[in-house]
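Please open the structure in the viewer and keep a selection tool at hand. The stops below proceed from aromatic rings to charged side chains and then to a surface patch.

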Amino acid sequence: MNKFDLDILEFHKVREALMRHCLTEMGEERVQELEPMRDLKGIEQALDETTEMADLMRFDDTLPIDGLRDIRILVQKTKSEGTFLVPENLWHVKLFLETTRRLRSYFKTRLEKYPKLWPYAERWQTHPEIESAIERAIDENGSVKDSASPRLRSLRRERDSKSSQLRKKMESLARQYASDGYSQEAMITMRDGRMVIPVKDEYKNAVRGFIHDESASGQTVFIEPAEGLEMNNELRKLILDETREVERILIEIAGLIRIKREAIESDIEIAGFVEFMYAKAGLALALSAIKPELTTDGEIHLKNARHPILWLKEKTKLPADQKSIVPLNLSIGKDHRCLIISGPNAGGKTVALKTVGLLTLMTQSGLLIPVDHQTRISVFSHVLADIGDEQSIENDLSTFSSHVKRLADMTEKSDSHTLILIDELGSGTDPREGSALAIASLEHFLQRNAVSIVTTHNGELKAFAHNTPGVENGSMEFDQATLEPTFVFRSKIPGSSYAYEISRRMGLDSNILLRAKELSGSDSARMESLIQDLQTRAIEYEKRLAEMSREKSGLDGMIKFYNDRSKEMKEKEKSQKKKILEEKDRVLAEANKKIEAAIQEIKKEQAKKEVVQKAKNEMLAERKLTGDELSEINRQDMMDVEPEEIHKNDHVFIRTMDLEGTALSEIDEDQQVHVAVGSLRLRVNVRQLMKIDKVKNSSPVK
């Protein structure tokens with residue numbers, strides 16, 4: 001990737017936004033090195049890793065990464081034997097080792113949720129012996145603990161005791177000197193690590209001892225009295241012994257780090273990459289960004305895309321001050337390889353161009369982008385852009401010459417894996433010649449099968465797009481009522497520059513505008529009028545289409561509501577009828593029992609056989625009628641079930657019989673299947689059957 005292309009599409013601003021989510025210099029360095037990739041597999045992996053990290057940060061427990069420190073220089077300092085780190089730096093090493101250990105544990109308990117992230121965390125090594133040694137010796141304030149070693153504890157106790165004795169002695173002498181008038185007040189102070197007493201200069205010979213210093217005025221000298229000299233020497237020795245013991249402890253811990261230096265450096269490398277993914281995910285959350293679908297055929301399909309820098313800028317403002325960012329919906333690369341965007345100045349053409357380019361670069365850098373799902377981004381080998389006016393004073397090039405030089409570079413590099421973005425193609429020179437040069441360049445890009453998007457005000461380029469296969473017009477919408485741009489992109493329709501309308505709004509003299517229209521000619525005026533009429537009609541048709549869509553949605557909702565209620569009522573009716581018939585059958589059964597008992601009683605009294613049989617037949621007929629009605633309801637229940645695809649040898653479950661069996665045949669023309677249940681052979685309607693593997697998961701009602 002050419003650095004010029006990255007800069008002109010403001011990729012450096014994306015890096016700056018990423019920097020704000022970094023924790024250490026390790027992450028910042030990786031951000032500074034971030035550039036688009038060309039390998040589809042590598043891009044896919046980077047996007048998946050960022051997506052997993054973003055999901056983790058959005059939905060899971062807080063990632064324990066706050067304790068991460070950049071300890072690369074500290075580890076390097078332990079390379080030579082006998083060196084040591086100051087306690088504060090050792091504490092930073094401890095924090096790093098502790099953080100990577102916790103991160104590894106965090107990912108290990110979630111390795112199935114984050115399979116793309118776990119391989120990195122898995123490579124982290126734990127160093128409990130170093131952690132324990134530092135924690136045992138250093139406190140969180142960066143001081144060496146008394147418990148670092150038995151000798152250090154003993155030395156410090158002796159030092160404190162000796163210091164207390166010396167202080168009492170010196171305080172006594174200070175009071176005596178003050179009483180004798182040798183000093184202004186009874187006080188002691190420190191010079192070169194030794195306790196001294198301030199004495200007036202005229203009495204310095206009256207006090208036996210060693211002069212360490214004098215005041216700036218020369219009126220006071222600081223004397224170490226002879227009576228405290230020995231005790232001061234003893235205290236000084238204890239302090240030196242303590243210092244040597246502290247250094248010994250620090251050297252010992254540095255030795256532990258030195259032994260594991262290579263492993264720790266590997267841990268640091270992994271930590272830097274995990275922090276980098278953390279920063280990318282943080283930016284993704286700030287942008288409400290997602291992973292687009294990737295292609296390699298040159299297709300770009302943006303759905304509700306937003307320029308990430310503009311989007312971030314607005315999101316950092318107070319809600320009342322935020323401006324809405326109109327999303328961009330744009331497609332290229334599938335049905336057409338060239339798009340010519342026209343429309344008014346300050347209407348959003350350049351922003352649209354930069355949005356396409358920057359989102360492509362971000363995607364190929366493994367960054368999620370602010371778009372909706374179903375967005376597709378192709379992977380390109382080159383993203384070449386020429387946006388804005390650039391004059392090269394150093395190379396003695398005019399603005400036009402600079403653009404032509406850039407165009408020459410594009411024509412040389414263009415192929416089917418190149419995305420070309422040009423703002424105001426053919427401008428800066430004679431309009432007719434500029435148009436010819438622009439059309440010839442676009443034809444060259446088409447022959448090379450490159451994907452190109454250009455902006456223009458030139459009518460000849462709009463006509464070229466209309467008449468040339470593989471080229472499509474597009475425009476930025478302009479509200480003719482308010483004479484304000486809407487920043488909405490419309491495909492297939494060229495845009496008007498609205499030069500006269502905008503000039504009128506800006507207060508240009510009406511006579512000048514009238515004369516300008518006369519000079520532009522009737523053909524030009526008719527063309528602009530036609531384009532404006534097309535845009536107005538397109539907007540009107542879209543409004544009507546939206547209204548029809550809303551009405552259709554409402555109608556679909558009413559139809560669904562009716563169907564659901566109808567089905568619900570049928571179910572209730574069927575259920576009630578079933579309950580009534582079941583109750584009727586129960587009553588008839590009880591009545592039958594009573595009749596049977598009555599018949600037995602009648603028989604005892606020798607009633608006529610014909611009378612008895614007639615009563616019995618009437619009861620049986622009534623029960624049969626009830627049974628038939630119940631069977632019909634059960635049959636309807638069965639018919640409401642969607643039949644499954646049953647094949648020979650499938651293990652099946654017969655709903656109505658609560659039996660399992662094996663299909664002996666395919667489904668015949670009567671929707672029947674032969675089923676073996678043990679030694680029985682049954683012919684069963686396919687609607688009564690379920691495959692046995694589904695039955696195990698659905699727990700059928702018996």
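How many aromatic pairs does the structure hold? The structure holds five, where rings of Phe, Tyr and Trp (its six-membered ring) pair if their centres lie within 6.5 Å, and planes under 30 degrees apart count as stacked, over 60 as edge-to-face and the rest as tilted. This is a predicted model, in which local features need pLDDT of at least 70 and side-chain atom pairs count only at pLDDT 80 or more, while totals for chains, interfaces and linings use all residues. Residues are numbered from 1 along each chain as its sequence is written, and side-chain values use heavy atoms, with hydrogens and water left out.

**Aromatic rings**

Select Tyr182 and Tyr203, a tilted pair with 5.3 Å centre to centre and 35 degrees between the planes. Tyr182 lies in the loop between α9 (150–180) and β1 (189–191), and Tyr203 in the loop between β2 (194–200) and β3 (209–214), so the pair ties together parts that are 21 residues apart in sequence. Helices (H or I, at least four residues) and strands (E, at least two) are DSSP runs, numbered from the N terminus. Tyr203 is partly exposed at 32% relative accessibility; buried means under 20% relative accessible area, exposed over 50%, and partly exposed in between (1.4 Å probe, protein chains only).

Next, select Tyr120, Phe273 and Phe276, which form one aromatic cluster.

**Salt bridges**

Turn now to the charged side chains. The whole structure contains 38 salt bridges, each being a side-chain nitrogen of Lys or Arg within 4 Å of a carboxyl oxygen of Asp or Glu.

Select Asp201 and Lys204, whose closest N and O atoms are 3.5 Å apart in a salt bridge. Asp201 is partly exposed at 25% relative accessibility, and Lys204 is partly exposed at 30%.

In helix α10 (residues 226–259), select Asp241 and Arg244, which are three residues apart and separated by about one helical turn. Their side chains meet in a salt bridge (3.0 Å, N to O). Asp241 is buried at 13% relative accessibility, whereas Arg244 is exposed at 52%.

Then select Asp146, Arg156, Arg159, Asp160 and Glu242, linked in a network of salt bridges. Within this selection, the side chains of Asp160 and Arg159 meet at 2.9 Å, N to O.

**Surface patch**

Finally, select Met558 in helix α19 (residues 522–604). Met558 counts as exposed, at 58% relative accessibility. Together with Leu555 and Ile559, Met558 forms a nonpolar patch on the surface, with about 310 Å² of accessible area together.

Conventions: Patches are made of residues with over 30% relative accessible area and no salt bridge: like charges are joined within 9 Å, nonpolar side chains (Val, Leu, Ile, Met, Phe, Trp, Tyr) within 5 Å. Accessible areas come from the Shrake-Rupley method with a 1.4 Å probe; for residues, only the protein chains shown count as cover.
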